[in-house]
Every structure is written in C-alpha cells, then in structure tokens.
Amino acid sequence: MHLLDIRNLTIELNTGDHVIRAVDKVNLSLKEGEVHALVGESGSGKSLIAKALMGVLNERWQVTADRIHWQGVDLMRLPPEKRRKLIGKEIAMIYQEPSSCLDPTAKIFEQIAESIPEQGLSGYFWQRKKQRKQRATALLHKVGIKRHTKVLDSYPHELSEGVCQKVMIAMAIARSPKLLIADEPTTALESTTRAQIFRLLKSLNQLKSMSILMISHELAELNDWTHGLHVLYCGQMVEAGPSKKVFGSPKHPYTQALIKSSPEHNVALEHKSELYALKGTIPTLQHLPIGCRLGPRCPQAQKDCVATPQANDFHGHTVACHFPLSQK
Amino acid sequence: MLRQYLVRRLTLLFFMVLLLSLFTFTLSYLFPGDVSTNLSGIDSAGFNANDQITEKYKLNENYLLQYFAFIQHIVNGDWGLSLASGQPVFEHVKTLFPATVELALYALLISILIGIPTGVIAAAYHKKWQDHVIYTVTLFAYSTPVFWLALILIMAFCLQLGLLPMSGRISLLFEVEHQTGFLLIDILLSNNTYKQAALIDAFHHLLLPSIVLATYPTAVLVRFTKDAMLDVLDKSYIKSARAKGLNHSQIIFHHALRNALLPVISQIGLQFSTLITLAMITEVIFSWPGIGAWLINSIYQRDFPAIMGGLLTVSLFVIIATMIADILNTILDPVSRNRSHGQV
Ligand SMILES: Nc1ncnc2c1ncn2[C@@H]1O[C@H](COP(=O)(O)OP(=O)(O)OP(=O)(O)O)[C@@H](O)[C@H]1O
Ligand code: SF4
Ligand SMILES: [Mg+2]
C-alpha cells in the first residue's frame, strides 16, 4: 500500500479578479521507507505542494484534489482538527525559510521541547522537564550543533540562518515521523554540514524506515540515494518515475535539459565553454502559455504542443509530453 | 544596546519637556492681562508687591533670564497663586491630580482586563458569532459620546434605581486623612473605625465614572488586540507550530499571545492622552474633584496661573506615561531587546 498517494492536486491563488493556478493536477505517490525527490526550477511550485499537504497555506490559496491518501485515509475528507492531529503525529516538514518559521519571542528550547512527543517521557512533570532538556540536547547534537546550552537559551534572531535551519531539522525529526518533507533543507548550510545532514537523513531512512520527500533543485546530489524522482515545471509534473530511469534515460525535454545543465554532467567540458541551458526563463504565473507550459522554451516543440499533453505511463515512468524522447 | 536606547529615549524626553516648559512660559505672555499677574497670580498688587514680583521673575531682564527664573520657581514647587482661590496652584495640583490619576488608572485597568481577553476571544473565534457580537458591542462603545453615556448611566443607576451615588469621590460622612492622595490607599492607611464602610462607599463612587471612562479605551483595545492577534495568527511560525500538532489553545497561549501583546502594550501607552481628555469630561459630569474638572473651571474663570499649572501637569503626565509604555515594550520584546548578541 502507498504511504502517500496524491491524485490531481491543484492549488489556486484567488487574487480577487481572477484565479491563478500555481499547481496543476499533480500526482505523487510514495511507499513506506522510500526516499523521493521533487525537483524543479525556482517558482515551479515545489514548496506549495509540500505546504498544501501539511495544511499550512493560508485562506487565499485554494487546494483541491481527487484524493490525498495517507495510509489509505483520505485527508481531504477528514475534519480539519483530525487532519491536523494526524499530520502533526506522522508527517514533519523542514521549512525552506527557517527563521520565519520559528517563533521570535520563544527560546529555542521551548520550541524544540514542544516537538518532543509526550509519550516518550516518564515520571512527574519536573522529571519530564529534565528529560526534555536531555532529548533536546541530543537532537541538537544529531544535527551538528555542539554549543547546545547557548543555542537552547537563545531566541531565533540571535542565531544565524544556518543554525536556525539545523534547529528546524532537529524539531522535524523529534517526533520520528513516518514521512519527512525536507524543503531544501541544506540551502543555508556550508558544504561539510550539508554532507552531515544528508548522512543523518539517510541513516534515519535506513534505520527507522522513515520516508523522505526531498525538495531540491539539484538533481545530481539526489540521484544516488532516492528511489523516485518527480520533475516539476511551472506547476505541472512533467516527468516522474524511479530515479534510475528518469535520471538515466529522461524522456521529457525539460528533464533532459535539467540534467544536461547540471555541473556534474559537464565535468568534461572544455575550459570557458558555455554550459547547456534552455533559452528563456520560467514564465510568471500570470502569463502562462497555453498547452504545454514548456512550449516556448522547448527545443522539440511542434504544432501539437498547443494542446496540453497528457501523462503517459511507460512501466511506472510517466512523462507528460507529446513527443517523448526515444532511448538512444 | 538597551542603554543606548534608554539614553535616546531620555534625550527625547528632555527635549519634549523643554518644549513644554517653553510653551508654558510663553503662555504667560500670550494670555491677556499682565505678565506678572499671569505668572504670580497676585492681582492688582500694590506698588511694593509689584516690584517684588518683577524682581522675583526677573521681568526687567531679557527673556532667557525670565525663562530660567520661571523654571527655577516651577522646580521649587512655587507655581504662583490661583487667581480664583488665592491658594498656591501647586497645592491644588497636589490634592487634585492624584484623584485624576486614580480614576484614569482604574479605568485603564478595567479596559485592559476586559479589552485584551475580549480581543483574544474575538480573534480566536474570527468570523464566528462570538466575533460578530463583540464587533457590534465595540462599535457601540466606539461611537457613544462619553457625556451621553454618563448621563444615561446616571439616569438609570442614580436617579431611577438609586443604587449608586451621582457625584464626588466619597460621601461627606467619612473623613479621610490626605496622605498619598489616592483615596483607596488613604482609606486603607487610615485607622478609622469606619474603614470598611468608607471603602465600600468610595467603591460605589468610583464605579460609574471609571466605567464611563473605560468604555472608549476598552473598545480600542479590543479592536487592537484582535487585529494584532489575527496578524500574528497568519504568520508562518504559527502555521508551522500548528502543523507540529499543537492544539488551538497551545497555539494561542504559547505563541500567539506573547507576540500579539507587544504592539498592544505600546498602544496602551498611546491611549493615555485620550484617556486624560476623556477623564476631564467625566470629572465635570460626576463632579469628580480631579485636575480635569479644575482645569476646565479655571479656563471659565480665566484663572491663568491655574491654567498654566494644570496644562503643565497633565502634559507632563501624558509624556512620561507614553515614554514608560514605550520603554516597557522594548524591554519585553526580545527582538529589539538585545540585537547586540553575537551570532552562533
Ligand atoms: N504568498 C504568495 N503569494 C503569491 N504568490 C506566491 C506566494 N507564494 C508563492 N507564490 C508563487 O507560487 C509559485 C510557486 O512558489 P513555490 O514557493 O512553491 O516555489 P518553489 O518551487 O518552492 O521555488 P523555490 O525553489 O524558490 O523555493 C511561485 O511562482 C511564486 O511566485
Ligand atoms: S509537449 Fe511539446 S513543447 Fe511540451 S515538452 Fe513535449 S515536445 Fe516540448
Ligand atoms: Mg520553495
């Protein structure tokens, strides 16, 4: 059974005079213990999908879906309070903007302590406080913060963005969730701690069989340890499937361009020669092209592309393109 | 950082007080009549006395020296005599001002105790019936004129039902020694046999004026607290705390309230000037022996030394109260409290 199964998720922004569709009919599913990556350019709607799943978008956003199944339970049909409880218990998210997701007037210890589940503690409340402190310290060590006393006693604005991000990660793994959504969890970190965080996430996945949905725009970094890869462009899922297949033999022009433009792909490139890149930029949500949203930038585009391509399934490898690339 | 901030605030306070004193001094020239009379409160003085006053206030010297002399007398507590009563203005202020502060403080206390929880409830039940009821009531509280409300309440509770006294601070039956000027404290400090009865009587007298005075600030606080709460509840740290599985009351009490109350505290400070203005009207209606009623009376009687003294006191009080609220806000807010902390 799928742990998470999202079907036709659509997220729209109501601007008053018209409705902007930021995420269009996205499908996504993952099994227990799997690591999936959600990649796409900046502004393609990756964070929106994650936030819609967590239920943290404000009222201006309208979220509709045929179904969002969590272990067979449809979250869309659950009353809000129940849904929040369930998500709070089983899904955790590392937010992209760590410092704005921490309460500015509460000390770090308070905020981490809140995330530590009651059930793991024993004894009377004064004993619990001590246990919480130990747990919080251990969590901070796990994410690579050594000066735990100082950090626990600080307010978020006294810490750097990188430390806030680590605190965010500590809070997210405190409940040992079934699914961890990591929204670019290492952007504010230096490369050594970045590797440490990846190791931590990998071990959590392997030892505790925690599923992870990694959001990133760096394909190569994820390729070797993710089971599934979902490529998003402009709010549409253009290609999805097992990482090896998608990465090894991309069928969608956009995925191919993404892989070709990554520095790892270009190591053999001659000095000072140009990196491969698609022409143009990602269109704004107000001026989306009709039909295939990649159309104006696509090297393979043809007349048929003015109609929105449907997703075609090639043995679990779905591609939304009229002219999928054939294997060499 | 905090020290720097305090120094800045105190400098600002100094200049505001300087301007205020300059303005008050100028008033003695702007008011009709003799400058010496306006300053000293001694009218149609004999030749000798007039010389003394001229000497005292250095009226023959230049304006700067006159101003310094004026300041010196003010600081020494010599505020001239009231034209109407012939008594020293400073003595009047000393007995009257505590009555006003007492009334204003109780009204403020009521509005804080009612306004902030109500605002929180309105925000917690945003767009539900509780919110609509609160909105309607505050709309009335906003738009009802103080004097009208006072008269209606007097008609209902004093004249029709006869439950509460109509005017004054305490019944003439009780004699309370003047110590601090705050009646309730004075009663508690005194050792009369009728202490309890006096206290109850003072409460009865206090009830209507403080309710009338509290109405408008309460409405303002309800609205402000609600807006601040809604603003904070929309922040992403609240959203993410909620996604952690905290329930509604945990969110409100652990995260939202603390963040929302910071702007509310500075708002309370800003309410002081409105409160004092409204207190003047309330005092006149309830014959409350406070500085507001006295000031208005002095204006009618063209008692210039009294007007100057009253204005000075009231303005000084408002300035200092606003400043204190501002400093309090800074001390309570961790973000502005210590930006100097090193980063980890
Ligand atoms: N609060 C908002 N108001 C209006 N538009 C928004 C808001 N938040 C996001 N958007 C728009 O929604 C689209 C998707 O945003 P999203 O944050 O999901 O992008 P992303 O894929 O996470 O990008 P990044 O890699 O930069 O994080 C963007 O075009 C963005 O402009
Ligand atoms: S549908 Fe057409 S425009 Fe879109 S990606 Fe495929 S070939 Fe390119
Ligand atoms: Mg994002």
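Biologist: Which residues lie nearest the centre of the second largest pocket, and what makes a residue part of the lining?

Modeller: A:Asn27, A:Met237, A:Ala240, A:Ala311 and A:Thr318 lie nearest that centre, among 38 lining residues. Each counts because it has an atom within 4 Å of a pocket point; a pocket is an open set on a 1 Å grid over the protein atoms alone, where a 1.4 Å probe fits, with protein on both sides within 12 Å along at least five of seven lines. This is a predicted model, in which local features need pLDDT of at least 70, side-chain atom pairs need 80 or more, and totals for chains, interfaces and linings use all residues. Residues are numbered from 1 along each chain, chains are lettered from A and ligands numbered from 1 as written, and side-chain values use heavy atoms, without hydrogens and water.

Biologist: Which residue classes line the second largest pocket?

Modeller: The lining has 14 nonpolar, 16 polar and eight charged residues (Asp, Glu, Lys and Arg are charged; Ala, Val, Leu, Ile, Met, Phe, Trp, Tyr, Cys and Pro nonpolar; the others, Gly among them, polar).

Biologist: Which residues lie nearest the centre of the largest pocket?

Modeller: A:Gly55, A:Leu57, A:Glu59, B:Lys239 and B:Arg242, out of 31 lining residues. By class, the lining has 17 nonpolar, four polar and ten charged residues.

Biologist: Why is A:Glu110 with B:Arg258 called a salt bridge?

Modeller: Their closest N and O atoms are 3.4 Å apart. The rule asks for a side-chain nitrogen of Lys or Arg within 4 Å of a carboxyl oxygen of Asp or Glu, so the pair qualifies. The rule finds two salt bridges across the interface of chain B and chain A.
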